[in-house]
Amino acid sequence: MERAAQILAEHRGTEGPLLPILHAIQETFGYVPENAVAIIAEALNLSRAEVHGVVTFYHDFRQEPAGRHVLKLCRAEACQAAGGDALAARAEERLGVRFGGTTKDGRVRLEPVYCLGLCSVSPSAMIDGRIVARIDDKKLDALLAETDR
Amino acid sequence: MSGIRIYVPGDAVAVACGADELARAIASAASIRKRDIEIVRNGSRGMHWLEPMLEVATDKGRIAYGPVELGDVDSVFEAMLAGGGEHKLRVGPPEDHPFLKKQTRLTFARCGIVDPRSLDDYKAYDGYKGLAKALANPAAIVDEVAQSGLRGRGGAGFPTGIKWKTVAEAQADRKYIVCNADEGDSGTFADRMIMEGDPFVLIEGMTIAGIAVGATKGFVYIRSEYPHAIAVMNDAILAARRGGMLGNSVAGSTFAFDLEVREGAGAYVCGEETALLESLEGKRGLVRAKPPLPAHKGLFGRPTVINNVLSLATVPIVMDKGAAFYKNFGMGRSRGTMPIQLAGNLQYGGLFETAFGITLRELVDDIGGGCFTGRPVKAVQVGGPLGAYFPRALFDTPFDYEAFAARDGLIGHGGIVVFDDSVDMAKQARFAMEFCAVESCGKCTPCRIGSTRGVETVERIMRGEEREKNIAVLTDLCNTMKFGSLCALGGFTPYPVMSALRHFPDDFNTAPRLQAAE
């Protein structure tokens, strides 16, 4: 938790520091650990419940480690219009998990995302932070193959 | 002498279609041939079916090629070396392309043309001329913006000048400018494009806003789904600070103004202005009751101008060319231009900026070219997940705030999502309710509970259970959500639901098929 203390120190003087701190914590640890919540609450003079409330409100923050890879498929309207629902079903079937789940071997977590702003080249996805557009079955299978590594 | 200049867009659409790999391949093709080149990562011109669209600067102007794939790099590069020579992917001079020629680019004048990270480039293309006018007569800024007729481009369409006037007149120790770059609506990407393609225009607009109302600090709240926009904005802010355009003395004046980028965390509701302010303060993104208005008590309880990216990015040209120039475009009470985003199942998707008044039919059929699947267009959703679905019968509706409202729709942030005839409108209605249930902040009951009950009711209709009765329940529920919700999330979710029901009743009246689908 030394690293957490360092992150807190870096944000001293920031106006409304909680979200930037949580982003930095998740960047460092891959999720927001329970004991970090207590340290943040103490430093910002908030209750643990308040910090917990913020962590759980936002879709981005995780309370447990994700898989080694995170595949986010856009499920919003512009991607639906271009065959996104069928792709989503294919991804679930191939990985054997539902959206929001991680494969048993911890290899990949499948998440929905509501719009990546790539609506004119839909359907789109983000894999480990990299964006991909104009996805068809073949491209999806290639993305899934990447998660084997 | 410096080598030829090649443009490889760094816009997320181009990157998602392989632009980064192309930039590397071009660089290695040049080094193999021992040719000196300069690669500029420009924004996108907005012709997204041609992305990645590469351009080469020649003595006769820029020549474009697209959509370029990795396998085309060698031959395209050779054509570029030949001074913009022939190639099967040659588009020609981009500004001569009909898609761009038909547009009126005011807000997007520089997007795709300049190097987004270069302050010098921005200035060379008329950048900071608006600020110069603003600094010459700071007291006149608010009036000029009000006179232009500019309305909030985020969706609500509230007059920008009135908002600014309220903040300018408020007394406080500190005031803030907040840019709402939480562009969460599906089918919209104009904010992202301007931040990635011409970030300085947003910085200039926010600086002018700060000077107009007496604020010295601004925040740009960008959604986390936009990592490229966040990176470009951060670089541009740094460049503006180094160039003396932000900081204690803006452009050598007595005005101070500085900016900070803040990253969202994946909550759609934070696009609502008061939820965004809560989020900036480090809280759950719960919607605030109004009044007090953000203009009186906004960020940290201080008077705050909170505007959409496009509203702020339009201010520089209004100041530069004058209110009358801008107001001259448009129809009725919708003045100026709107950057319209063409998305979904469309042959020619992209960014089309034009004066208000263009009809839906022109946008979908003539400019967009209909569905890429080759099937007929069945419905278009205008204005994001909270916007109404329009059938062909209403395609004569002109793009105008009031005209859309008169037909129980909204133009929102100007996104148009096109669906072909394979779409099931009952399923779309269910999705609208589902989305509201997932994204509701939970503060007010009509939105929090109503959306979940809405999903259940649409499902009952889809299963054919007491159809008439459940349609009446759904209609009543939508009425409660529309008039009883605290913000537009619960308040506007009825638009897609009711428009689907009203315009496509057959989709709600088919044989039970939900079980089959599940």
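Tutor: Let's begin with an idea we need for strands: two strands pair if DSSP finds at least two bridges between them. Keep in mind that this is a predicted model. In chain B, strand E1 (residues 4-7) and strand E3 (residues 54-58) are joined by 2 bridges and run antiparallel.

Student: Which residue in E3(B) is the bridge partner of Ile6(B)?

Tutor: That partner is Val56(B). Now widen the view: chain B has an open sheet of 5 strands with mixed pairing, in the order E2-E1-E3-E4-E5. Strand E2 (37-40) and strand E5 (90-92) of chain B each have a single partner strand, so one side of each has no neighbour in the sheet. From one strand to the next, the twist averages 25 degrees.

Student: Which strands of chain B does helix H2 lie across?

Tutor: Helix H2 (residues 19-32) of chain B lies across E1, E2 and E3, at about 175 degrees to E2(B). Helix H3 (residues 73-81) of chain B also packs on the sheet, touching E1, E2, E3 and strand E4 (61-65), and its direction makes about 135 degrees with that of E1(B).

Student: How do I read the contact between domain 2 and domain 4 of chain B?

Tutor: Start with the area that the two parts bury: for domain 2 and domain 4 of chain B it is about 730 Å², with 76% given by carbon and sulfur atoms. On the domain 2 side, Tyr268(B), Val269(B) and Val287(B) lose the most area, together 63% of what that side buries. Between these domains the count is 0 salt bridges, alongside 2 residue pairs in polar contact.

Notes:
Residues are numbered from 1 along each chain as its sequence is written. Chains are lettered from A and ligands numbered from 1 in the order in which they are written. This is a predicted model: local features need pLDDT of at least 70, side-chain atom pairs count only at pLDDT 80 or more; totals for chains, interfaces and linings use all residues. Side-chain values use heavy atoms; hydrogens and water are left out. Helices (H or I, at least four residues) and strands (E, at least two) are DSSP runs, numbered from the N terminus. Axes are lines fitted to C-alpha atoms, for helices over the stretch in contact, and angles run from 0 to 180 degrees between N-to-C directions. Contact means heavy atoms within 4.5 Å. Buried area is the accessible area (1.4 Å probe) that two parts lose on being put together, summed over both. A salt bridge is a side-chain nitrogen of Lys or Arg within 4 Å of a carboxyl oxygen of Asp or Glu. A polar contact is a pair of N or O atoms within 3.5 Å; within protein, one must be able to donate a hydrogen and the other to accept it, and residues adjacent in sequence count only if both atoms are side-chain atoms.
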